[in-house]
Amino acid sequence: MQAEIIVLPGDGIGPEVTAAAVQVLRAVGQRYGHSFHFTEKLIGGAAIDATGEPLPADTLAAARAADAVLLGAVGGPKWSDPGAKVRPEQGLLAIRKALGLYANLRPVKPHSAALGASPIKPHLLTGVDLLVVRELTGGIYFGRKERHGDRASDLCEYTVAEIERTIRRACTLARARRGHVTSVDKANVLETSRLWREVATRVVQQEFADVRLEHQLVDSMAMHLLAKPREYDVIVTENMFGDILTDEASMLAGSLGLLPSASLGEGRVGLYEPIHGSAPDIAGRGIANPYATILSAAMLLRHSLELESEARCIEKAVDGALGAGVFTADLAPAGRGVSTQTATAAVLEQLELECQPVAMRD
Ligand code: IPM
Ligand code: MG
């Protein structure tokens, strides 16, 4: 197949990790006989420096016309003046919103070889396999922001339709897994959460009778996620709760550098990015963990290009690299991490072992 993939390296370690993922996609393309075409565009701080805007019109137009978008990370100290009118993060929020990518999928499945990197006791981690579905284009992130004298406010708003589509997406994904959805809210305090809970209950009752729905308050969810992570299958929640809970969940896997994500809407084009940020402290040193972005590329193959076996082949290759103990600094004992390129080379080597070459397929 042919596919047009827009690459948005962004800031900090973004260019390093996207370059790694592109290498892996090229190798998979070659192996399976696909022609992936990559076009780089600007976003975030890099775009502000070049054009004055965090999401230039030409980047958005290219993304709209593409099959998929692969993104590194945005932001950094250079652009983080709290008084700044234009910020790198606005570019990321704007592209999610403009492409209608309301469902952000963040799978968490700790690898047995990396259990030692997690601060959680290993016996709590074996068998953990959960998927957070984070609502991505609503809530407090997008409500009206105001500042008057010594007051500031951020409005948190949700409509029934926004909640319905997110719950439907979570339930559909749960059906292909263990059929269990935990909807997370703060319904004892927030009106948006009461609406969220009401809508979740109705949608599941009316449309997903085979799915087991449970409600959980976000504060206790934060605790249960560490105390009994194995009990969760699909966790669905609003934008900011999902942002916070997934950074927490990354500690189950051992590092923020291992968690990929897919942001999906109703159309084919999706946005794929690691859940980590631009890590300015290690940027440019060639030591960033590329696995989260490589795993995001696997999600891209699965969700935007419907290339399931190719996606699995990347996931198995990353599994293999982790299993072989190829750890970057975030996973390795102090002073013992390998470079981004060494980790990427290990994945490429595993691809050779894990993927059926073109000639062997019918
Ligand atoms: C994420 C990030 C972003 C978010 C930031 C960079 C705006 O933390 O993707 O989780 O809050 O959504
Ligand atoms: Mg985040």
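**Close-up views of a predicted model**

**View 1. Glu157, a residue out in the open.** Glu157 sits in the loop that runs between β7 (151–154) and α6. Keep in mind as you look around that this is a predicted model. Is Glu157 buried or exposed? Its relative accessible area comes to 53%, and the cut-off for exposed is over 50%, so Glu157 is exposed. For a sense of distance, take Arg144, which is 13 residues away from Glu157 along the chain: the C-alpha atoms of the two are 9.1 Å apart.

**View 2. Arg177 and Asp129 join hands.** Here the side chains of Arg177 and Asp129 meet in a salt bridge, with 3.4 Å from N to O. The two come from distant parts of the chain, 48 residues apart. Arg177 belongs to the loop between α6 (160–175) and β8 (180–185), while Asp129 belongs to the loop between α5 (122–125) and β5 (130–135). How open are they? Arg177 is partly exposed, with a relative accessible area of 29%, and Asp129 is also partly exposed, at 22%.

**View 3. A bridge between two helices.** Glu207 and Arg168 form a salt bridge, and their closest N and O atoms are 2.7 Å apart. Which helices does this pair link? Glu207 is in helix α7 (residues 191–207) and Arg168 is in helix α6, so to speak two distant parts of the chain, 39 residues apart. Both partners land in the middle category for accessibility: Glu207 is partly exposed at 32%, and Arg168 is partly exposed at 30%.

**View 4. Lys228 and Glu231, one more salt bridge.** In this pair, the closest N and O atoms of Lys228 and Glu231 are 3.6 Å apart. Lys228 counts as partly exposed, with 29% relative accessibility. Glu231 has a relative accessible area of 49%. Why does Glu231 count as partly exposed rather than exposed? Exposed means over 50%, so Glu231, at 49%, stays in the partly exposed group.

View 5. Which side chains bring a polar atom to an oxygen atom of ligand 1? Arg134 is one of them, with a side-chain N or O atom 2.8 Å from a ligand oxygen. Asp243 has a polar side-chain atom 2.9 Å from an oxygen of ligand 1, and for Arg106 the distance is 3.0 Å. On its own, ligand 1 has 320 Å² of accessible area, and the protein covers 78% of that.

**View 6. Asp67, tucked away with two partners.** Asp67 lies in the loop between α3 (57–65) and β3 (68–73). Its relative accessible area is 18%, and buried means under 20%, so Asp67 is buried. What does its side chain contact? A polar atom of the Asp67 side chain lies 2.7 Å from the backbone nitrogen of Glu4, and the side chain also makes a polar contact with the side chain of Arg268, at 3.2 Å.

**View 7. Two loop residues with positive phi.** Ala279 is in the loop between β12 (270–272) and α10 (291–303), and Glu306 is in the loop between α10 and α11 (308–323). Phi is near 40° for Ala279, a positive value in a residue other than glycine. For Glu306, again not a glycine, phi is positive as well, near 55°. Ala279 is partly exposed, with a relative accessible area of 24%, whereas Glu306 is exposed, with 66%.

Definitions and conventions
Residues numbered from 1 in each chain as written. Chains lettered and ligands numbered in written order. Predicted model: local features only at pLDDT ≥ 70, side-chain atom pairs only at ≥ 80, totals over all residues. Heavy atoms only, no water. Salt bridge = Lys/Arg side-chain N within 4 Å of Asp/Glu carboxyl O. Helix = DSSP H or I, 4+ residues; strand = E, 2+ residues; numbered from the N terminus. Buried < 20%, exposed > 50% of the residue type's maximum accessible area, 1.4 Å probe, protein only. Polar contact = N/O pair within 3.5 Å; in protein donor to acceptor, adjacent residues only side chain to side chain. Areas by Shrake-Rupley, 256 points an atom, 1.4 Å probe, with all protein chains shown as cover.
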